[in-house]
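Subject: Handover of a structure

Dear colleague,

Please find below the structure that I am passing on to you. My notes on what was found in it follow directly after.

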Amino acid sequence: MADPECQKAQPEGAAQLASTTHLVLIPSYNPGVKLRDTLHAARAHWSPVWVVVDGSTDGSADWLRAQAAQDPGLRVIVLPENRGKGAAVLHGVELAAREGFTHALTMDSDGQHPAELIEQFMHASQAAPQAMVLGVPQFGAEAPRIRVLGRKVSNGWANLETLGAGIGDSLFGFRVYPIAPLIRVMRGQRFMRRFDFDPEAAVRLAWAGVPPVNLPARVRYFSADEGGVSHFKYLRDNTLLTWMHTRLFLGFLVRLPVLLGRRLLPSAQPKAKH
């Protein structure tokens with residue numbers, strides 16, 4: 001189900017109403033065999049769905065283009081080289097903004113994120129359009145323990161850096177962003193272009209006055225035998241996150257008087273621009 005401003009979409013078995021304000025945006029880099037299931041599930045629950053192919057070398061761009069040729073609710077944007085998740089999202093939301101979209105639900109292409117919750121998250125966004133709707137992951141027993149523990153550390157830093165703004169999870173990429181504030185905070189600096197995108201986006205949007213709405217969401221880690229693909233590099237990506245939180249903590253210190261003022265005087269909370 002989509003918002004009140006809708007148009008008919010064509011593909012049988014897919015979402016039959018195309019939203020003119022909210023879209024699903026899937027950044028994709030060498031996603032593996034789960035891409036097919038992810039795309040079909042996303043289209044079954046929403047229209048339109050855009051996929052930004054971030055320089056993939058696995059042939060998935062060709063398959064996606066073939067799907068888009070048969071499905072007017074699907075759009076495929078292919079970047080010539082790998083730029084990173086944040087850069088792919090920025091490219092997609094800038095195009096979406098030019099076409100009048102106001103919100104984007106981001107999700108991964110590897111099957112970990114729950115496509116069946118797309119409509120619930122979109123409705124939450126429609127009810128609170130000024131907010132970012134953040135998924136709070138509910139882990140299964142298969143989740144790598146080191147990833148779960150690392151997430152707790154990042155969440156602790158994110159809540160310190162925002163003085164307890166209420167970010168339920170800083171790393172989970174299944175979330176709805178208001179597009180205009182996201183573009184502003186990303187254009188304002190040169191970071192947030194790779195694996196650091198999700199946590200830094202949540203913190204910087206909170207600094208900009210975008211409130212969080214937290215909703216639980218199942219997350220599934222697939223083994224390699226199940227077709228799971230992970231581009232996470234422990235040393236590289238943890239170094240990137242450490243540098244990111246160092247920068248954000250310094251930014252937090254600069255903003256501390258303002259953040260304290262918001263906590264003590266709620267009327268001083270800025271209105272998020274759209």
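D71 and R43 form a salt bridge, with their closest N and O atoms 2.7 Å apart; the term stands for a side-chain nitrogen of Lys or Arg within 4 Å of a carboxyl oxygen of Asp or Glu. D71 lies in the loop between helix 2 and strand 5, and R43 in helix 1 (residues 34-45), so the pair ties together parts that are 28 residues apart in sequence. Helices (H or I, at least four residues) and strands (E, at least two) are DSSP runs, numbered from the N terminus. D71 is buried at a relative accessible area of 10%, and R43 is buried as well, at 4%. Here buried means under 20% relative accessible area, exposed over 50% and partly exposed in between, with a 1.4 Å probe and protein chains only.

Please note that this is a predicted model: local features need pLDDT of at least 70, side-chain atom pairs count only at pLDDT 80 or more, and totals for chains, interfaces and linings use all residues. Residues are numbered from 1 along each chain as its sequence is written, and side-chain values use heavy atoms, leaving out hydrogens and water.

Further salt bridges

The whole structure contains 11 salt bridges. In one of them, the side chains of D198 and K85 meet at 2.7 Å, N to O. D198 belongs to helix 7 (residues 197-207) and K85 to helix 3 (residues 85-98), so this pair ties together parts that are 113 residues apart in sequence. D198 is buried, with 6% relative accessibility.

Another salt bridge joins R204 and E200 (2.8 Å, N to O). Both residues lie in helix 7, 4 residues apart, which is about one turn of the helix. R204 is buried at a relative accessible area of 16%, and E200 is buried at 0%. These two residues also take part in a network of salt bridges that links D196, E200, R204 and R247.

The sheet and its helices

The protein chain has 8 helices and 9 strands. An open sheet is formed by 7 strands in the order 5-4-3-6-8-7-9, with mixed pairing; two strands pair if DSSP finds at least two bridges between them. Strand 5 (74-79) and strand 9 (212-219) stand at the edges with a single partner strand each, so one side of each is left without a neighbour in the sheet. On average, neighbouring strands of this sheet are turned by 25 degrees against each other, direction ignored. Axes are lines fitted to C-alpha atoms, for helices over the stretch in contact, and angles run from 0 to 180 degrees between N-to-C directions.

Within the sheet, strand 3 (residues 22-28) pairs with strand 4 (residues 49-54) in the parallel sense over 5 bridges. P27 stands opposite V52 in strand 4. Helix 6 (residues 179-187) packs on the sheet, where it touches strand 3, strand 6 (103-106) and strand 8 (175-178), and its direction makes about 80 degrees with that of strand 8. Helix 2 (residues 60-70) lies across strand 4 and strand 5, running at about 150 degrees to strand 5.

The chain as a whole

Of the 274 residues of the protein chain, 51% count as buried. Among contacts (heavy atoms within 4.5 Å) with a separation of 6 or more, 79% are between residues 24 or more positions apart.

With kind regards
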